[in-house]
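Subject: Structure handover, with notes on the sheets

Dear colleague,

I am passing on the structure below and would be glad if you could read it alongside the notes that follow.

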Amino acid sequence: MYVYETSRSSDQPRQITLLFGYGLIGSAVGRSLACHDQQTIQSRRLQWSDPDLLEQDLESVATELQRRERHEGLPELERLSIVWTAGGCGFQSTTEETERELISFERVLNALPRLVENLAADHAVFHLVSSAGALFEGQRHVTNISQPAPHRPYGHLKWAQEQRLARLPAGWRTAVHRVATAYGLITPHHRAGLITTLVRNALHHRTTQIYGRPTTLRDFVCVDDIGAYLTAWLTSSSVADLPSEAVLATARPAAIYEIQHLVSAAVQQPVPLQYIPSRGNDQDITFLPAALPTKRWAPTNLQANILRIATRYRESMRYASTT
Amino acid sequence: MTHVSISAVVPVYRGEKTLANLFDELVRLKASLAASPAPVELMEVIFVDDGSVDQSADVLRDLVERAPWIHVVTLSKNFGQHPATVAGILHSSGDWVVSLDEDLQHRPADIPKMLSLAVRQTADIVYAQPAGNSVHASRFRDGSSRLIKKIVSAISGNPNVTRFNSFRLMRGSIARAAAAIASHDTYFDIALGWFTNRIESISLALTDHRFQEQKQSGYNLYRLISHARRLLVTSNIKSLRIGAILGVLAAMASLVGLLAVFVLKFVDPAAIDVRGWASLMSVVLFVFGILSIQSGVLIEYLSIVLLRVQGKPAYFVVDRSADVALADHAETLDTLAVERVPVTSH
């Protein structure tokens, strides 16, 4: 977990953001916040498996924040934001695994009201990063009026997390961001998506196994775009227009076949694939423009991003081989 | 049966006067399909603003406000009809994709008939063919287009070239696969042909009212020639092969010539009355033969590289299983009444 605060040199009102989860999406949010006058003031590895330790961790975060308020003459806290991108579950997770993750989520939710009370923030906003792919699995042409219909435990977990937000006290603003298929720069310890896996394997001359078909359509979203969108709202002076639900997609579906071709052009090598038939994974999930947020959402070009990922990874390989 | 979805792709260049009418007919088509028992839906329409030169962008902005199933893709400059079609297809997600022009030369009301033919014949592509009429009412315009296609068809050995038309219904997975490998110079219909040979045509009344009324077209002679060049270059591994074969034949001819000079020199030296001629000819023929062989080999490798660069697939897997069930509704699609919008400019 990372805690960000508006830099003292900034002319923005003071805000604190608690970022739970520093994976593929969380790290993109963190990078974007760092570029927008938000400095890291705490970081902590939370004890998810032990409820008492988890509560202690959250208490100590709150205590430290209160201490800073009292002793460092900080301006009034205008907004406290929580961003939840945490979670180790995925599409292949079992019901037991998702239930454990839901319990961890609930513990954090239960601890938040006290945190807000202690910090005396004027406003509190909870941003939940959910999964459009899990919620709308098998649905095509999803719009803003489409109803989630999860098929798997992971989808039910995401739906349950969204419903749990209603338990937050009145006065909390909530925003659910349903992310389509995320991809981003390759980082060693984070879960890699399809595109990053293809780039990495192609450059290492490895075959990638794909559970699905070459013609399966997905909507690929760059995590940096997600980071930029969330940061725009986190640092905004007003969240009056913040949508309570939004699908973060591009409305530009791409088949696995096309991704293979784009990656091959970017790495300038063949991209060997092995397709493993898998019912469920071979269903298209696509979104129409009507599903997308109308403000502050500006997805970038897929081809350019793939090229960027390939270039950066190739540079890191070159660097690793010379050190 | 799961609904079969159709995506429509419309490249836009000079459509301010016709887009509203086109939209109206698409709305009527969508409503007719929704009301019919056939499990088919017009799911989205993708307008590709290809560097439009009039107020088309404003018209498109208005259309997007009126229908959430309208999608506008704006290109950074004018890239041409094929690249714009490719861009639109790559934004589509329908089971079937139909491309049509902006000016109601191609009537959305005819799309169900095209789909009916496709599923009855298990075809992957259906091209519209002008039903005997002259599309542009211009002998030069229509005649030159037909002639160029016939020439290219003969040179390339591809009989489908004469069917090519911008009003085409394509199986979604194949359209997107072809679009994925198309580059700036690829003739899109040739790329489609790399993925399937199940191609049909349907005779429809196609009339370019805009050209006939205003004598205005996006195509002039230069563009038609450029079009033909691209068609030839994309389809033409065969002409490269001809170059390779000619190289080998030239090498063989030079070898025969070389032997003839040797035989003449030793059998009847008196026949050669110029001193040094035999040596000079021997060297010239020998070197020419070597160069011809090398050129032939180079051309052969070039054709392999070209195929690779163009992205021609080694194979492609397709799923046509939904056609059987949809073919039961073919008659409904053939007779679907869609009110046509009069072709008057707004």
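Two strands are taken to pair if DSSP finds at least two bridges between them, and helices (H or I, at least four residues) and strands (E, at least two) are DSSP runs, numbered from the N terminus. This is a predicted model, in which local features need pLDDT of at least 70 and side-chain atom pairs count only at pLDDT 80 or more, whereas totals for chains, interfaces and linings use all residues. Residues are numbered from 1 along each chain as its sequence is written, chains are lettered from A and ligands numbered from 1 in the order in which they are written, and side-chain values use heavy atoms, with hydrogens and water left out.

In chain A, strand β2 (residues 15-20) pairs with strand β4 (residues 79-84) in the parallel sense over six bridges, and L18(A) stands opposite I82(A) in β4(A). Helix α3 (residues 95-119) of chain A lies across β2, β4, β5 (123-131) and β6 (172-179), running at about 170° to β4(A); such angles run from 0 to 180 degrees between N-to-C directions, with axes fitted to C-alpha atoms, for helices over the stretch in contact, and contact means heavy atoms within 4.5 Å. These strands belong to an open, mixed sheet of seven, ordered β3-β1-β2-β4-β5-β6-β11. Because β3 (38-43) and β11 (245-248) of chain A each have a single partner strand, one side of each is left without a neighbour in the sheet.

Chain B likewise holds an open sheet of seven strands with mixed pairing, in the order β3-β2-β1-β4-β6-β5-β7. Its strand β1 (residues 4-12) pairs with β4 (residues 96-99) in the parallel sense over four bridges, where I6(B) stands opposite W96(B).

Best regards
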